[in-house]
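Dear colleague,

I am handing over the structure we spoke about, for you to look at alongside the notes below. Please read them with the coordinates open.

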Amino acid sequence: MRLPVLVTRASFPDIVNRLRADFDVTDNPDDTIWTQPELIERLQGKSGAMTAGSDRIDATLLDACPQLKAVCNIGVGYNNVDVDACTVRGVIVTNTPDVLTETTADFGFALMMAAARRITESEHYLRGGLWTKTGRYDMFVGGDVHGATLGILGMGRIGQAIARRGAFGFDMRVIYHNRSQLPAHVEETCRASYVDKATLLRESDHLIVVVPYSADAHHAIGAAELKQMKSSATLTNIARGGVVDDEALAVALHEGSIAAAGLDVFEGEPRVCPRLLAQANVVLTPHIGSASVSTRRAMASLCVDNLIAALGRGPSASKPPTPVNPQVLMSALAQR
Ligand code: DGY
C-alpha cells in the first residue's frame, strides 16, 4: 500500500514528484495558507507531511492526526513544530540544515550592508524623482562596513559563515555572543572573539542576530538592549521574528538611538509592524534569507529525502539525513 503524505506548501514540482514514486501525494500547488483546522483536516490519515514555517504542528494537531509519523519541515528553523510533543508521540521531525548556510550568510551580510550604506533609502529617493541636483557632501552618508566591528548574536553555522565574510572579506573585528563559547579552533576559523552580551551591544558597529527562536530568545533585543547600542550602529535580524522587539526597534530607529536596521523576519509575519513600515532607515525584506534558486531547491530536495527515508519507502535510504529528534527514529526503525 502506498502511504499517504501531505505537502503543505507549493514547492518545485520536479522535486515533489520524487515523492509520487512511493507515496500517495496530496499537495498544494496554489500555495493556499491553511488555517490550523484546515491543516488538521487535510492531514487526516496521512503518514507524513512536508511542512513549512507557516504550519503550526502542536499537540492539538498531533492528537487529531494519530496516523502522522513524520513531520519534515523545510528550513533550518523549526520553531513552528513542538518537537517534544512529536517525540512523545513517536513522530519523527526533520529540518534542512547546512544546505542554506552560505546563502543565508550572504543575505545577512547584504542586508547589513544595505542598512549601513542606506541603499534602499537612497534608491527610493532616486526613483521618487527627488535627485534633482548632484550629491551634497552629506547626501545619504552611512556607516563603513570594512574595518568596523561586526557583532553576531548566535554563533551557529550561519553566524560563523557571516563572521568569515566579515573577518576575511571586509577586515572587520568580529565579536560574538552565544549560549556557549565556541572551541578555540572554531573561533580561529572565523577570527571571532567571544564577549558577554553587554559588550556585544556596546561595541558592535553592525550587530547581526542569528540566534534560533526559543522562549529564552524572545525579545533578546528589546528597548533596554537597543539603548546600549551605539547611535551609529545598525541592527540586522535574519533569525526569527520575535527575537527582536519590532515595536521597540521602530522607536529606536525613529529616535535615532541606532542608525539603521535590516529585517528579513518579523513578529507575526507576514504582518509587519506599521511603525517599521513608516521608518526610512530600515531595510525590509519578506523572509527570503535562503532564497537562491539552488538553495531553495536543495532545501526542498533534502526535505523530500527526509520524508522518503522517515517513512522507510526509499530504495537507498532508511535513516533521514537530518533528523531533529533522532531518538524517535531509533524506536521507529526497531518497530518496522
Ligand atoms: C529557515 O531555514 O529557517 C529559514 O528562515 C526559512 O524558514
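Predicted model: local features only at pLDDT ≥ 70, side-chain atom pairs only at ≥ 80, totals over all residues.

Residues are numbered from 1 along each chain as its sequence is written, and side-chain values use heavy atoms, with hydrogens and water left out.

The domain assignment (automatic or from a database) gives domain 1 as 3–97 + 293–334 and domain 2 as 101–284, and their C-alpha centres are 32 Å apart. Five residues of domain 1 are in contact with five of domain 2, contact meaning heavy atoms within 4.5 Å. About 420 Å² is buried between the two domains, with carbon and sulfur atoms giving 50% of it; buried area is the accessible area (1.4 Å probe) lost by two parts on being put together, summed over both. On the side of domain 1, Asn79, Pro97 and Thr295 lose the most area to domain 2, together 74% of what that side buries.

Between the domains the count of salt bridges (a side-chain nitrogen of Lys or Arg within 4 Å of a carboxyl oxygen of Asp or Glu) is zero.

A polar backbone atom of Gly77 is 2.9 Å from an oxygen atom of the ligand, a polar side-chain atom of Arg240 lies 2.8 Å from a ligand oxygen, and a side-chain N or O atom of His287 is 2.7 Å from an oxygen atom of the ligand. Taken alone the ligand exposes 230 Å², of which the protein buries 82%, with accessible areas coming from the Shrake-Rupley method and a 1.4 Å probe.

With best regards

Definitions and conventions. Polar contact = N/O pair within 3.5 Å; in protein donor to acceptor, adjacent residues only side chain to side chain.
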